[in-house]
Amino acid sequence: MRRLHLLLATLIGLPLALAGWLWLTMLSPFTYDRPEHLPEIETGPHKVFVYGTLRSGLVRWVVTGRAGESRPAELEDFRRSALDLEEAPGERVEGEVITVSAEELARLDRYERLGIRYERVRLTLADGSEAWVYRRLPQEAPEAARL
């Protein structure tokens, strides 16, 4: 009986602890302060090219509050390199474009730790349209975020 209680506590407690840790480290407003040097987010819809975890509607729903529609897109002259994109003439990165509000873009910024871990840059996609793209900041210069 004691082992059963321990097993049940583990089966319930471990997922709850993991979910709490993920919320605290990735989604919580308590663990991210937007750096002051970043400009305010403009109103209106924003197109964002996503190429990693944000391609999942479930992840977008958790981060922004809705899965939203997406369309396939490609970014030319780049390749995936772990959690980042690096310039690579002649190569392409497959991804999706999502359209978000200013509030949802702020939530994406928090998820990506804008100004601390990533920068958000405007790039031209293969179809000629422009979209925001998150790229890793160099480790030695996190203040170099561009918007």
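Colleague: Let's start with the rings. How many aromatic pairs does the count come to?
Modeller: The count comes to one aromatic pair. Keep in mind that this is a predicted model.

Colleague: Which residues form the aromatic pair, and how are the rings arranged?
Modeller: Phe49 and Tyr51 form the pair, and it is stacked. The ring centres are 6.2 Å apart, with 25° between the planes. That angle counts as stacked because planes under 30 degrees apart are put in that class.

Colleague: Is Phe49 buried or exposed? And what about Tyr51, buried or exposed?
Modeller: Phe49 is buried, at a relative accessible area of 1%. Tyr51 is buried as well, at 10%.

Colleague: Changing topic: which residues of helix H2 are buried?
Modeller: H2 covers residues 57-64, and Arg60, Val63 and Thr64 are buried there. These residues span an arc of only 75° around the axis, so they lie on the same side of H2.

Colleague: Why would residues a few places apart point the same way?
Modeller: An α-helix has 3.6 residues a turn, so those three or four places apart point the same way.

Colleague: And which residues are on the other side of H2?
Modeller: Leu58 and Trp61 are there, and they are exposed.

Colleague: What comes just after H2?
Modeller: Gly65, which takes a positive phi of about 100°.

Colleague: Last one. What sits over the ring of Trp132?
Modeller: The charged end of Arg120 does, 4.5 Å from the ring centre. Arg122 also lies over the face of Trp132, with 4.2 Å to the ring centre.

Terms used
Residues numbered from 1 in each chain as written. Predicted model: local features only at pLDDT ≥ 70, side-chain atom pairs only at ≥ 80, totals over all residues. Heavy atoms only, no water. Buried < 20%, exposed > 50% of the residue type's maximum accessible area, 1.4 Å probe, protein only. Helix = DSSP H or I, 4+ residues; strand = E, 2+ residues; numbered from the N terminus. Arc of directions from axis to C-beta. Phe/Tyr/Trp six-rings, centres within 6.5 Å; stacked < 30°, edge-to-face > 60°. Lys NZ or Arg CZ within 6 Å of the ring centre and 35° of its normal.
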